[in-house]
Amino acid sequence: MTTSLPLQRLLGIMKTLRDPVAGCSWDKEQTFETIAPYTLEETYEVLDAIERKDFADLRDELGDLLFQVVFYAQMGSEQGLFNFDDICTAISDKLERRHPYIFNQQQSAPGKDTTQVLLEWEKGKSQERADKALFSALDDIPATLPALMKAHKIQKRCANVGFDWTTLGPVLDKVYEEIDEVMFEAKQAVVDQDKLGEEIGDMLFATVNLSRHLGHKAEGALQAANRKFERRFRQVEEIIRGSGLKMEEASLEQMEEAWQQVKMQEKSGLR
């Protein structure tokens, strides 16, 4: 594989940083396990730059994320596991394998819409799992996924093998059922916190399933809700400060009044 000059430079820098003699002491000490948290952090920084539409920052953050891949590639090469070319080859092979209607001329079928493309993609993934002789449809779901994302993926995998409701009614009923069970535990004279926590988890899992059936990913929906709440709360703080009070001095009624004012202003702005 022929790499571009900028990429060759980056790979060279990484190799130098890990050089046993002349390298950086911090970089030389790192392992797959110690670098993993930085990879997660850099991923979130990429997402934040996209959310803010700061494309100059996005360029820099993507560079940081690419450096994580290069770091893993260098460590893999040192241990005789894989190198950067192997990584590129693996993803290239996968993309061609999962798009046979584009890269395999004998199966070419131009004009597929997005729904058909996604079905082909899932079919390819299912076949790959079958080729790995996995015992369960859930076997290769990463244990470290954020909980909402993992719940969505678990439910989607189950749906792919037919273990899913086909109408919305039972999905919604399950949410109400789980809410009732949470409240039952919460109202006990002596609350069993372990049991209550279990029921709260079931309620959240059912809510993710409702979100999935309605065509939304719960992780993204909750992120949007977080942003909306943060925006509104900051405006509430401004209103309270504008009245000459600190938040700690304001009553709940005053804060609620400010909250409703913010909501009304947003609605007026939309109109």
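Colleague: Is tryptophan 259 buried or exposed, and what is its relative accessible area?

Modeller: Buried means under 20% relative accessible area, exposed over 50%, and partly exposed in between, with a 1.4 Å probe and protein chains only; tryptophan 259 is buried, with a relative accessible area of 18%. Keep in mind that this is a predicted model, in which local features need pLDDT of at least 70 and side-chain atom pairs count only at pLDDT 80 or more, while totals for chains, interfaces and linings use all residues. Residues are numbered from 1 along each chain as its sequence is written, and side-chain values use heavy atoms, with hydrogens and water left out.

Colleague: How many aromatic pairs does the structure hold?

Modeller: Rings of Phe, Tyr and Trp (its six-membered ring) pair if their centres lie within 6.5 Å, and planes under 30 degrees apart count as stacked, over 60 as edge-to-face and the rest as tilted. The structure holds six aromatic pairs; one of them joins phenylalanine 67 and phenylalanine 71, edge-to-face, at 5.7 Å centre to centre with 70° between the planes.

Colleague: Which pair involves tryptophan 259?

Modeller: Tryptophan 259 forms a tilted pair with phenylalanine 229, 5.2 Å centre to centre and 45° between the planes. This pair links distant parts of the chain, since phenylalanine 229 is in helix α11 (residues 218-242) and tryptophan 259 in helix α12 (residues 252-270), 30 residues apart.

How values were computed:
Helix = DSSP H or I, 4+ residues; strand = E, 2+ residues; numbered from the N terminus.
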